[in-house]
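Me: I would like to learn how to read a structure. Can you take me through one, feature by feature?

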Amino acid sequence: MDRMASSMKQTVSINKAINTQEVAVKEKHARTCILGTHHEKGAQTFWSVVNRLPLSSNAVLCWKFCHVFHKLLRDGHPNVLKDSLRYKNELSDMSRMWGHLSEGYGQLCSIYLKLLRTKMEYHTKNPRFPGNLQMSDRQLDEAGESDVNNFFQLTVEMFDYLECELNLFQTVFNSLDMSRSVSVTTAGQCRLAPLIQVILDCSHLYDYTVKLLFKLHSCLPADTLQGHRDRFMEQFTKLKDLFYRSSNLQYFKRLIQIPQLPENPPNFLRASALSEHISPVVVIPAEASSPDSEPVLEKDDLMDMDASQQNSFDSKFDDIFGSSSSSDPFNFNSQNGVNKDEKDHLIDQLYREINGLKAQLENMKTESQRAVLQLKGRISELEAELAEQQHLRQQAADESEFLRTELDELKKKREDTEKAQRSLTEIERKAQANEQRYSKLKEKYSELVQSHADLLRKNAEVTKQVSVARQAQVDLEREKKELEDSFQRISDQAQRKTQEQTEVLESLKQELATSKQELQIVQGSLESSAQSEAKWTAQIAELEKERGSLVNAVARREEELSALREQLEYTQRQLSSTQESICQLAKDQRKMLLTESRRAAEQVVQEALRQFDEPSLFSCAGSADHLLSKVRSVSSCIEQLEKSWSQYLACPEDISGLLHSVTLLAHLTGDTIVHGSTTCLRAPPEPADSLTEACKQYGRETLLYLAFLEEEGTLENADSTAMRSCLTRITAIGEELLPRGLDIKQEELGDLVDKEMAATSAAIETATARIEEMLSKSRAGDTGVKLEVNERILGSCTSLMQAIQVLIVASKELQREIVESGRGTASPKEFYAKNSRWTEGLISASKAVGWGATVMVDAADLVVQGRGKFEELMVCSREIAASTAQLVAASKVKADKDSPNLAQLQQASRGVNQATAAVVASTISGKSQIEDTDNMDFSSMTLTQIKRQEMDSQVRVLELENELQKERQKLGELRKKHYELAGVAEGWEEGTEASPPTLQEAVIEKE
């Protein structure tokens, strides 16, 4: 019974709120409708009543329906939106029907219905936003899911939503005669009443748009968001003017406090300007109502008033007739004794007093109402102040949170600095230890050098002494030889003399035997001979004595010579041992340097191999031509290493060239492996796997080759054949990955540009002709809604082709001007060959435009035939816009900023963007016009079946959300791969003149 009564009450209120009288909807009736949706948790009763109303025949009735429905969407139960989605197409049809009326409420109803449809679509796409759009900053961040693409799309949808609100606002103001006080008339209040809901929506949408734009400017470049800023400036100017005009109307001054926007719009290029933004707060009194609504007393107030009037009447009756408690209840004589005229007089007197009391009561009620209104106004002011204070508190809290975040970041930076300082201290300590070690080695080396120098000096002295001794020995031997010669001569002389004496003695003896007579003479001669013999004997003795002294001197000289020889041998042994220790130390140092260089080289190569699985490499990408240049450098380094290795084997003392070659080989190998891994990111799967395996194999072969440098015995066995084979394999794979665009001969670029631009123009003309042919076939074979949709879509496609054709002509003119101004005395072909990267960008952009036009015509043909998808046509049109934007960017990169041809090209580019938006809009409109939403009937289903269907729907929703997430990831990867491949084809990584458009710019152009 309660439910029936509530439904009946809601039905009565709906009929009272939505009527044909040109007066504002009474607040109590609208409030009853809102409460009814909360009681029944939906809007079934509302739509069951509305469907019986003639909304299509009475404009005032439709206008008041839009007002009440807007209130329900804002303040009603959340299920109101779900229950109303099935009537979305009916609202669109009604909007188009009322749009044919140019006077009265016709245009107002058409625009209001479009706004309601936009609001339903917005809340359907963004279910996190409630109907009244009241959200906190945290909920706003959660709505974007921390994805810049979601925030970007959400901002565009808010712009569209706010555009519909402002359009209704402006249309209502234009329909009123502002020269008169229209806000105090019932007709003017009927038109102005829905603007309260519009003001509430606009305040929230403006606040959220400002916050989202600040967030987008913190993530994307400023040039990318130029279109957003221009659109915001336009809406800011309109909203500020409409708020100012509304605040001056008498009708709004008592019902709502309209905020005033700042004098200047926010500066999104300065991040700190967000703290200066104040969210506009709209204040509505707690029980504000329209002027036509009369005050309604509650039931308790009526009962209290009746009781007070009854008590007053009883007291007056007792004063006049006496108290019934003081008289005898059974004595009627006193009452019957009163005359009838007196009773009439008393009754008249009582009526007069009652009328006076009623007048007093009315005065009291008027005074109380005036006091209540004053208190309500005061309450509104206090609530506004409270809202402002809350906003300031929230702003202070945000600033505190921002400062706290900055403090945490500073703490983190301080910790990082301390860690860096600690690591720096550790490095300095290690450096000091190495320095000390180096100093000790240097001192030891200095000592060894000093000792070596001392030994060399001693060796020189000993050598000098040995030379002197040898010279003395030579002199001594010469003197000895002279003495021996003289002794030999003396001996020979003495022997000869002895022989002669013997011969003389024999002759004498013979003469003595023969001649005894002459004995005296012979004896005399004999005595003389004996004297001479004694003399010679004395001389011989002296010579023998002298010979003995000489022999003693020679013995002494030989002893001294042997001592000097022993000293020389000891010095030579000490010198040879010192030289051996010095050679061994130098050899150990060379070995240590070679070992350390080998270890450092192995660490560099191992680090490069380890970086294959590093996530940091996935944010960068390499190119095949850069990899080939690295491979050529490595090959040259290997040849240099082999030469240094041969020199080291021939002369082990010369190790500097070998160390330099080993270090250079390690770093070049690491760079080659890293560039090979980054090149794999943009290569197809098969070549990427082959290149990865080849790089890893080359790293392992390099480590094996470096391992041969550890021992001297294995150094001769080092062979670089395996390394060269790996490099050959990497070179072959890299040449396969080279972009085909790089194979074009430079002298052919000029002709290719003209050919591609001519081919693009021909493709556009062919596409235009095909569209005209499809339009003729559609007019001949289709009728009704399908013909209307096909004409609208094909007409927008024709406009897009014409805009692209204008853009191509402007691009040709600008290119001709660039070539004429930049080539000097050279020919155009030489200019194109000189600026090959820029030329290749023009060729790629022209190909993309022609291909996009062909694909869009095919998609439009399928859509017209009923076998295609509207979404495919939308994507093709956006792709054409992106390709034309690339052509514009490639054309104007070398142009003069003051060139009139450049201005004409930019104007043509804006025309293409507008034509693309028209194609998308016509496609969306046609899709919504053709597709019919199936009405679901749940009347015959049981509770269990409904629960089962609900679970199935939830499962399907989760599956679709999962598929949507996967498709978004796939789209992101495809865009990233397309960006990389386009960068390889056009040489963006080589710092060319024409820088590529970023991924965000491509997204903006497509939007």
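Me: Let us start with a helix pair. At what angle do helix α19 and helix α20 pack, and how far apart are their axes?
Reply: Two packed helices are described by the angle between their axes and the distance between the axes. This is a predicted model. Here helix α19 (residues 656-681) packs with helix α20 (residues 685-707) at an angle of about 165°. Their axes are 9 Å apart. Angles over 145 degrees count as roughly antiparallel, so α19 is roughly antiparallel to α20.

Me: Is the crossing of α19 and α20 left-handed or right-handed?
Reply: It is left-handed.

Me: Which residues of α19 and α20 meet?
Reply: From α19 come Val662, Leu665, Thr669, Ile673, Gly676, Thr679 and Cys680. From α20 come Ala688, Leu691, Thr692, Cys695, Tyr698, Gly699, Thr702 and Leu706. By class, this contact of α19 with α20 has nine nonpolar, six polar and no charged residues.

Me: Now another pair. How do helix α4 and helix α6 pack?
Reply: Read the angle and the axis distance again. Helix α4 (residues 59-75) and helix α6 (residues 88-98) pack at about 140°, and their axes are 13 Å apart. That angle makes α4 oblique to α6. The crossing of α4 past α6 is left-handed.

Me: Which residues make the contact of α4 with α6?
Reply: Ala59, Cys62, Phe65 and Phe69 in α4 meet Leu91, Met94 and Trp98 in α6. Sorted by class, the contact of α4 with α6 holds seven nonpolar, no polar and no charged residues.

Me: What about helix α8 and helix α11: at what angle do their axes cross?
Reply: The axes of helix α8 (residues 137-144) and helix α11 (residues 195-217) cross at roughly 60°. They come within 12 Å. This makes α8 oblique to α11. The crossing of α8 and α11 is right-handed.

Me: Which residues meet between α8 and α11?
Reply: Asp137, Leu140 and Asp141 in α8 meet Tyr208, Lys211, Leu212 and Lys215 in α11. By class, the contact of α8 with α11 has three nonpolar, no polar and four charged residues.

Me: Next, single residues. Is serine 909 buried or exposed?
Reply: Look at the relative accessible area. Under 20% counts as buried. Serine 909 has 15%, so it is buried. Serine 909 lies in helix α28 (residues 900-930). Leaving out residues up to four places away in sequence, serine 909 touches Leu807 and Val888.

Me: And where does glutamine 640 sit?
Reply: Glutamine 640 is in helix α18 (residues 624-650). Glutamine 640 has a relative accessible area of 42%, so it is partly exposed. Leucine 664 is 24 residues away from glutamine 640 along the chain, and their C-alpha atoms are separated by 9.9 Å.

Me: How do I read a record beside the model? Where does UniProt place the feature "coiled-coil region"?
Reply: Take the span from the record, then look at it in the model. The unreviewed UniProt entry places "coiled-coil region" at residues 340-581 and 948-977. In the model, residues 948-977 are 100% helix and 0% strand. The end C-alpha atoms of residues 948-977 lie 43 Å apart.

Me: Last, the whole chain. How many helices and strands are there?
Reply: The chain has 30 helices and zero strands. Buried residues make up 36% of its 1007 residues. Now take contacts between residues at least 6 apart in sequence: 80% of them join residues at least 24 apart.

Conventions
Residues numbered from 1 in each chain as written. Predicted model: local features only at pLDDT ≥ 70, side-chain atom pairs only at ≥ 80, totals over all residues. Heavy atoms only, no water. Axes fitted to C-alpha atoms, helices over the stretch in contact; angles between N-to-C directions. Helix = DSSP H or I, 4+ residues; strand = E, 2+ residues; numbered from the N terminus. Parallel < 35°, antiparallel > 145°, perpendicular 65-115°, else oblique. Left-handed = near helix turned anticlockwise from the far one by under 90°. Contact = heavy atoms within 4.5 Å. Nonpolar A, V, L, I, M, F, W, Y, C, P; charged D, E, K, R; others polar. Buried < 20%, exposed > 50% of the residue type's maximum accessible area, 1.4 Å probe, protein only. UniProt positions renumbered as here; feature names shortened; annotations may be inferred.
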